Amino acid sequence: MCGIAGIIHRDGPSDIGQEMQRMLQAMKHRGPDSTGYALYGKPTGQLVMRVKLADANSPRDFGFSERLEHHRAELEQRLGKIGATVDRVEGATEYAYRASLGYDGDLKALTDYVEDIPDCEVLSLGGSLEIIKDLGDAQTVAELYNLQAFRGTHAIGHARMATESDVDISGAHPYWAYPFSDVAVVHNGQLTNYHQWRRRLERLGHRFQSDCDSEIIAVYIAERRSEGLSLETAMKQSLEDFDGVFTYVVVTEDSLGVAKDEMAAKPLVLYESPSLVALASEEIAIRALIDREIDTVDPYESEVLVWSL
């Protein structure tokens, strides 16, 4: 089931958090278990790390709060030890944190060092990307993390119905393309050669936090781009390499793209104007954003479309 959405403003920042919340809430019926946002704000010259130190449904035993505080302190210590200049570490919830920092070293080394903290998972890392995901519908998550105040240029989102993995934050979408900066993916469908590609990417040194095939797509696209391919070319290559029935949306620091498999069995509708592109699993999500009569289209099978700022 699940619902995916994407938006890109080509004429400057907008209230992107509020807009994505409206789109995803309109598709609440497609996935009430968890909701995720990948939002792109204005780059500040620093890196932004979104990290969780526990899950939303972790057992709250007697020492839970004390362990979280200890791990939060260790997070700051480790960032300093690896050479990052920490501007601030803010708690969005008791278990989820946002760190802004200066760092010009290897992102893989940074992420691995931080994730060595017990129960720690880096959800995103980049100059403008912030992934926020949690249990509940779009409005619940947006209010919990104050996403209505987030301004940016482009975003993707996902309303999840858990069918093959646990209802937790690690199983929620979108997925960051560890260890590549500012790349994220949402996806509806299934890759039937998931395990083959996971083994290939693991041999290249990548790690995966979930058993979700969406995470494979994110890392695959980022890996291809690191080899010098454009986003569009990398996405076209993915349609030759991936088997299955799927539609996915990928975002980078300055672009948004969508790809559909050769059978195009997973629906997606698209609205485009000179200043705005919006797409979603259902037209109702786009109409929650645009309150006037519009024309939408459905991309063809094996089609790849990319828009840039």
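**Group meeting talk: the cavities in our chain**

Okay, let's start with burial: of the 309 residues in this chain, 58% count as buried. Keep in mind that this is a predicted model.

What does the chain contain in the way of helices and strands? There are 8 helices and 15 strands. The radius of gyration is 18 Å, close to the 19 Å that the globule rule gives for 309 residues, so the chain is as compact as a globular protein of that length. If you like boxes, the C-alpha atoms fill one of roughly 55 × 40 × 35 Å along the principal axes.

Now contacts. Take the ones between residues at least 6 apart in sequence: 71% of them join residues at least 24 apart.

Rolling a probe the size of a water molecule over the atoms shows where empty space is left. How many cavities of 30 Å³ or more turn up here? The count is 2.

The largest cavity has a volume of about 60 Å³. If you want to find it on your screen, look for Glu121, Val122, Leu123, Lys133, Tyr175, Trp176, Arg207, Gln209 and Glu215, which line it. Which strand gives the largest share of that lining? That would be β6, with 3 residues. Both β6, which runs 121–126, and β9, at 175–176, supply at least two residues each. By type, this lining splits into 4 nonpolar, 1 polar and 4 charged residues.

Then there's the second largest cavity, with a volume of about 50 Å³. Around it you'll find Arg50, Val51, Ala92, Ala96, Tyr97, Leu123, Ile131, Ile132, Lys133 and Tyr145. The elements giving two or more residues to this lining are β3 (47–52), β5 (96–102) and β7 (129–135). Of these, β7 gives the most, with 3 residues.

And what kinds of residue make up this second lining? Here we get 8 nonpolar, no polar and 2 charged.

One more thing to look at while you have the structure open.

Definitions and conventions:
Residues numbered from 1 in each chain as written. Predicted model: local features only at pLDDT ≥ 70, side-chain atom pairs only at ≥ 80, totals over all residues. Heavy atoms only, no water. 1 Å grid on protein atoms, 1.4 Å probe; cavity = no way out; pocket = protein on both sides within 12 Å on 5 of 7 lines; lining within 4 Å. Points joined across faces, edges and corners; volume = space filled by probe spheres on them. Helix = DSSP H or I, 4+ residues; strand = E, 2+ residues; numbered from the N terminus. Nonpolar A, V, L, I, M, F, W, Y, C, P; charged D, E, K, R; others polar. Rg over C-alpha atoms; globule rule 2.2 N^0.38 Å. Buried < 20%, exposed > 50% of the residue type's maximum accessible area, 1.4 Å probe, protein only. Contact = heavy atoms within 4.5 Å.
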